[in-house]
Amino acid sequence: MASRNLVSIADLTNGEIEEIFELADAAEKLRSEKVGSGKIMATLFYEPSTRTRLSFESSMQRLGGTVISCSDMQASSAAKGESVADTAKVVSSYADVLVVRHYWDGAVQAMAEHADVQVINAGDGGHEHPTQTLCDLYTLRKEKGALKGLNVVICGDLKNGRTIHSLVYALARFGANVVTLAAAGMELPQYVLERLEREFQYTLAPVAGGDLSAVVTESDALYLTPKQPHQLALFTQVDNTIQSHLTSRVSGLRYDAFYMTRKQKERMKGVAAGGSYPTIGSKFLNERRFKDTVVMHPLPRVDELSPEVDKDRRGIYFQQAAYGVPIRMALLHFLFERQRQPKPLKSVKGAAIFENPHAVGPHCPNAKCITVNEPGSTRLRFELLAEGPAGALILRCFYCDHRFKVQLVGHKTSKRYCPYDITLDETVRQWLNSGELAIFDSIKQAEELGYEPHKSGPQRAIMNDREIQMAVRQMSDQIIHDCDDPDRLLVLGIRTNGSLIGQRIAAQLQQMQQRKFEVGELEIFGAGEDLRRIRPADAELGPIQLRDRSIILVDDVIHTGRTVKTALSMIFRSARPRSVRLAVLIDRGHREMPLKPNYVGKHIPSADHERVRVQLGAAEPNSRDSVVIYSIVSPNEKQ
Ligand code: CP
């Protein structure tokens with residue numbers, strides 16, 4: 001069994017990356033010593049490539065090894081339906097190392113689990129591209145002498161660009177600062193930001209308005225920096241004093257590198273693929289502030305980076321591509337040397353591994369994940385991360401890294417299930433340690449496996465349908481009273497109940513003002529789109545724009561304030577709105593954060609152990625709107 005693969009940039013320590021750089025500096029020596037003599041490399045590229053494939057093949061030949069390849073995977077048995085698991089097993093008999101590019105997120109991890117030889121990720125879907133990151137870091141270090149403290153702007157499609165994801169993790173590890181300058185609707189995904197925050201304590205601050213817009217339009221810049229307080233998230237109304245204080249902190253920043261990326265059209269469909277996109281050209285070259293800012297690009301470029309920059313000393317992307325050979329020679333040698341070293345467990349620090357005790361269980365919600373598209377090549381395995389956004393319990397897909405919230409937990413012996421919330425944290429940990437923990441995506445799934453619901457204590461009705469309707473009307477009245485520019489108003493509900501109430505508020509506003517108001521929903525922790533339109537007819541309007549908007553953020557209940565904090569943080573990661581005001585149907589008190597809702601349907605002080613359930617007809621058919629309060633019988637009790 002192979003011992004050492006490179007699937008994620010997390011598979012290498014900083015020390016090992018430095019070691020690879022030293023080997024790359026001595027690439028000519030590796031070449032003359034023929035350190036790869038007798039080795040065979042198989043390149044399996046399910047997606048097109050010029051640089052990665054040819055530089056790997058060139059590297060192997062320069063090391064004295066040989067290469068076998070399927071010139072086109074569509075001409076391989078993959079076209080007949082052969083799984084990645086079988087392909088990895090079979091080709092392991094023909095080669096000593098597999099270099100794989102695949103269109104599904106996590107496919108290379110799946111192949112590494114089935115291969116008997118070492119496996120290198122040459123790009124898996126929109127997930128990671130670790131060897132590109134080695135080239136990027138090597139180029140940066142050569143140009144700037146060190147990585148720590150550099151200010152690197154990453155620009156373009158930060159959502160689908162796999163090179164970006166590996167790069168930001170690595171920059172964070174080496175102590176660089178990252179300024180994100182995303183195309184509209186292509187911001188860094190929530191799972192990447194969550195990891196940056198959890199593992200590297202990287203948080204966000206805004207860059208001074210206009211600081212980068214001289215060279216790139218259509219984007220708001222945000223600054224990812226280690227160990228800064230999470231300031232913006234604590235304000236529901238961003239006033240000008242706070243805004244200017246924060247922006248002044250990072251104004252006049254020195255930019256060391258500008259990393260441009262192309263729009264990953266192959267991973268998009270519809271409107272997103274055709275929308276506007278930032279470009280970089282002669283304006284950049286003329287700006288004195290950027291006189292020492294190098295321009296990088298993983299290539300290929302399309303039209304986001306003007307050929308004018310090619311002639312400038314700061315345009316170093318062809319050199320970056322050329323470093324692909326010494327870096328990949330160094331990497332191959334490094335991995336061959338470690339063939340028999342035990343593989344370090346690729347896991348988030350301190351995270352427990354969860355495998356469902358039943359054949360069915362939670363599924364990764366990322367539609368582009370290998371576990372969804374070819375489950376037979378994978379094992380349903382997740383890391384369990386406590387203390388997620390809003391106090392959620394999070395599962396991290398072992399293959400694609402997407403994270404999602406646990407909805408229902410079950411106890412295997414008592415065969416009972418209940419919705420997860422933070423009060424069950426300790427109990428769930430005990431069940432996990434004793435192998436009794438089951439997790440379900442839906443009640444249907446739990447009940448099909450013979451689980452019954454845990455009984456809850458007596459219920460007390462707090463609001464009926466008429467009172468809820470009145471509360472929505474009263475909040476809408478206040479919103480319109482405070483609104484100085486209806487054209488900027490955006491009602492943004494937190495999915496699911498907050499979104500439903502948000503839609504009702506938008507409908508009420510429409511009735512009152514005889515005009516349409518824009519409405520959207522925010523997914524606090526899911527895969528795919530974090531921010532989306534709700535009305536199908538609005539799809540043609542393209543992604544929701546948050547910049548300079550007056551946002552009404554809506555949720556059903558506010559308790560600790562964590563959900564709202566996360567939602568605010570997501571909003572400010574995307575853009576800088578003019579203001580954000582908070583509307584909640586129920587305010588329970590007991591806030592952990594200094595948050596005060598601007599519009600409240602009803603204040604209901606309640607104890608921590610009590611639960612408030614908002615039931616809305618649209619979410620639960622055949623039921624009337626209601627709000628009830630109840631306590632829960634301990635899930636440990638066998639009933
Ligand atoms: N940068 C990069 O991965 O290029 P290719 O797609 O040409 O391999």
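Two strands pair when DSSP finds at least two bridges between them. By that rule, E2-E1-E3-E4 is the order of a four-strand open sheet with parallel pairing. A second open sheet of four strands, E11-E12-E13-E14, is antiparallel. This is a predicted model: local features need pLDDT of at least 70, side-chain atom pairs count only at pLDDT 80 or more, and totals for chains, interfaces and linings use all residues. Residues are numbered from 1 along each chain as its sequence is written, and side-chain values use heavy atoms, with hydrogens and water left out.

**Parallel sheet**

- Strands (E, at least two residues) and helices (H or I, at least four) are DSSP runs, numbered from the N terminus.
- The edges are E2 (66-69) and E4 (118-124), each pairing on one side only.
- From one strand to the next, the twist averages 20 degrees.
- Axes are lines fitted to C-alpha atoms, for helices over the stretch in contact, and angles run from 0 to 180 degrees between N-to-C directions.
- E1 (residues 40-45) and E2 run parallel and are joined by four bridges.
- Thr43 has Ser69 in E2 as its bridge partner.
- Helix H3 (residues 51-62) lies across E1, E2, E3 (97-102) and E4. H3 runs at about 175 degrees to E1.
- Contact here means heavy atoms within 4.5 Å.

- Four bridges join E11 to E12 (residues 381-385), and the two run antiparallel.
- Ile353 has Glu383 in E12 as its bridge partner.
- Helix H8 (residues 190-200) lies across E12, E13 (394-397) and E14. H8 runs at about 90 degrees to E14.

**Ligand site**

- Around the ligand are Ser49, Thr50, Arg51, Thr52, Arg101, His129, Gln132, Pro298 and Leu299. A residue counts if one of its heavy atoms lies within 4 Å of the molecule.
- By class, this shell has five polar, two charged and two nonpolar residues. Nonpolar means Ala, Val, Leu, Ile, Met, Phe, Trp, Tyr, Cys and Pro; charged means Asp, Glu, Lys and Arg; the others, Gly among them, are polar.
- An oxygen atom of the ligand lies 2.8 Å from a backbone N or O atom of Thr50.
- A polar backbone atom of Pro298 is 2.8 Å from a ligand nitrogen atom.
- For Leu299, a polar backbone atom is 3.0 Å from a nitrogen atom of the ligand.
- The ligand taken alone exposes 260 Å², and the protein buries 92% of that. Areas come from the Shrake-Rupley method with a 1.4 Å probe.

Technical notes: Polar contact = N/O pair within 3.5 Å; in protein donor to acceptor, adjacent residues only side chain to side chain.
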